[in-house]
Amino acid sequence: DTDSKTVKAADTDKKDLKVGLILSGSISDKSWNYTAYQGLKLIEKEGAEVFYQENVAIADCADSIRTYAEAGINLIYISSDSYQDVVAENASNYPDVTFIIINGGEQGENYYSVQISDEEQGFLMGVIAAYASDAEKAGFVGGMEITPIINGNKGFEQGVKYVNPDVQISSAMTGDFLDVTAAKEQTVAFADAGVDVVAPMADDASIGVIEGAEGSGIYSIGSGDGQKDKGPDSMLAAVNKDTSVAYLASYKQYLEDTD
């Protein structure tokens, strides 16, 4: 489910469009960055030449933007609102480039935001957790404490309480989308405290949550396609947030605005 503001594109020959993607994690995370990459592939099928950069730190985002702009990229997708301030500070330097921030909350002359319903994914995870928890204790492990993950956590809490108000909820943010070890350790700590089902929303680090649940003998709920093999004995289901839909929809709107 997406809700996008109007995306205005500069005049560009559609036959020569170049689209770049800046990712906060790896395209192999089977979650947020994986579906972002799938969206880029859908854009490629529309005829654009596509490029991507993985594991871009916030401190390096401005350099990535400059590299793309100097290479003639017309449209740059920013995969996370954690880069939003960087885009706001730098977009005006590249007036011929259009930027789309996934899960951003701001827009300017040449940058726009597309919202993903993270709270809906969290809600479904919470519903599953509440039904599965025999101990009436459920856990949520997030990555960075940014708006999308906070919304996902709130959705998780609402989903749990919708099914069973008596379930106790433990929530934690590791502060990192790449630190698999930290996510695993947090999950083990939850298990030691009696939590018997846990759900991640932490991109690459979600794998640590699943592995922690697997090793602790508790249930896990996946946050992306393909995570099942990391928790064959623990994973109840995966609630896949397919962000590729947002990429393709916003790209088609970009094309319409070049007419």
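Helices (H or I, at least four residues) and strands (E, at least two) are DSSP runs, numbered from the N terminus. The model shown is predicted: local features need pLDDT of at least 70, side-chain atom pairs count only at pLDDT 80 or more, and totals for chains, interfaces and linings use all residues. Residues are numbered from 1 along each chain as its sequence is written, and side-chain values use heavy atoms, with hydrogens and water left out.

**View 1. Five strands form an open parallel sheet.**
The strand order is E8-E7-E9-E10-E11, where two strands pair if DSSP finds at least two bridges between them. Strand E8 (168–173) and strand E11 (235–238) are the edge strands, each pairing on one side only. From one strand to the next, the twist averages 20°; axes are lines fitted to C-alpha atoms, for helices over the stretch in contact, and angles run from 0 to 180 degrees between N-to-C directions.

**View 2. Strand E7 runs parallel to E8.**
E7 covers residues 137–142 and is joined to E8 by six bridges. Lys 137 stands opposite Gln 168 of E8, and Ala 138 stands opposite Ile 169 of E8. Because five of its six residues are buried, E7 is largely enclosed by the rest of the structure. Buried means under 20% relative accessible area, exposed over 50%, and partly exposed in between (1.4 Å probe, protein chains only).

Contact here means heavy atoms within 4.5 Å.
Gly 217 is in the loop between H7 and E10. With a relative accessible area of 67%, Gly 217 counts as exposed. Its C-alpha is 38 Å from that of Ala 59, and Gly 217 and Ala 59 are 158 residues apart in sequence.

**View 3. Strand E2 pairs with strand E3.**
E2 and E3 (residues 49–53) pair in the parallel sense over five bridges. Val 19 stands opposite Val 50 in E3. E2 is largely enclosed by the rest of the structure, because four of its five residues are buried.

**View 4. The largest nonpolar core has 23 residues.**
A nonpolar core is a set of buried Ala, Val, Leu, Ile, Met, Phe, Trp, Tyr and Cys residues joined through side-chain atoms within 4.5 Å. The members that touch the most other members are Val 19, Ile 43, Tyr 77, Ile 102 and Tyr 251. At least two core residues come from each of strand E2 (18–22), helix H1 (32–45), strand E4 (75–78), strand E5 (98–102), strand E6 (111–116) and helix H8 (244–256). A second, separate core holds 18 residues, including Ile 73, Ala 91, Phe 99 and Tyr 111.
Leaving aside residues up to four places away in sequence, Ile 102 touches Trp 32, Tyr 77, Ile 78, Ser 79, Ser 80, Asp 81, Val 114, Ile 116 and Tyr 247. In soluble globular proteins, nonpolar side chains tend to be buried together.

**View 5. A search of the whole structure finds one cavity of 30 Å³ or more.**
A cavity is a set of points, on a 1 Å grid over the protein atoms alone, where a 1.4 Å probe fits but cannot get out; lining residues have an atom within 4 Å of a point. The largest cavity has a volume of about 130 Å³; grid points are joined across faces, edges and corners, and a volume is the space filled by probe spheres set on the points. The lining has 16 residues, of which Trp 32, Asp 118, Ile 149, Asp 203 and Lys 241 are the closest to the centre. Helix H4 (118–132) and H5 are the elements that give two or more residues to this lining.

**View 6. Lys 30, Asn 55 and Asp 179 sit in loops.**
Lys 30 is placed between E2 and H1. Its phi is near 60°, a positive value in a residue other than glycine, and its relative accessibility of 31% makes Lys 30 partly exposed. Asn 55 is in the loop between E3 and helix H2 (61–70). Phi of Asn 55 is also positive, near 50°, and Asn 55 is partly exposed at a relative accessible area of 41%. Most residues other than glycine have a negative phi.
Asp 179 lies in the loop between E8 and helix H6 (180–192), and is partly exposed with a relative accessible area of 31%. Asp 179 and Glu 49 are 130 residues apart in sequence and 32 Å apart in space, C-alpha to C-alpha.

Notes. 1 Å grid on protein atoms, 1.4 Å probe; cavity = no way out; pocket = protein on both sides within 12 Å on 5 of 7 lines; lining within 4 Å.
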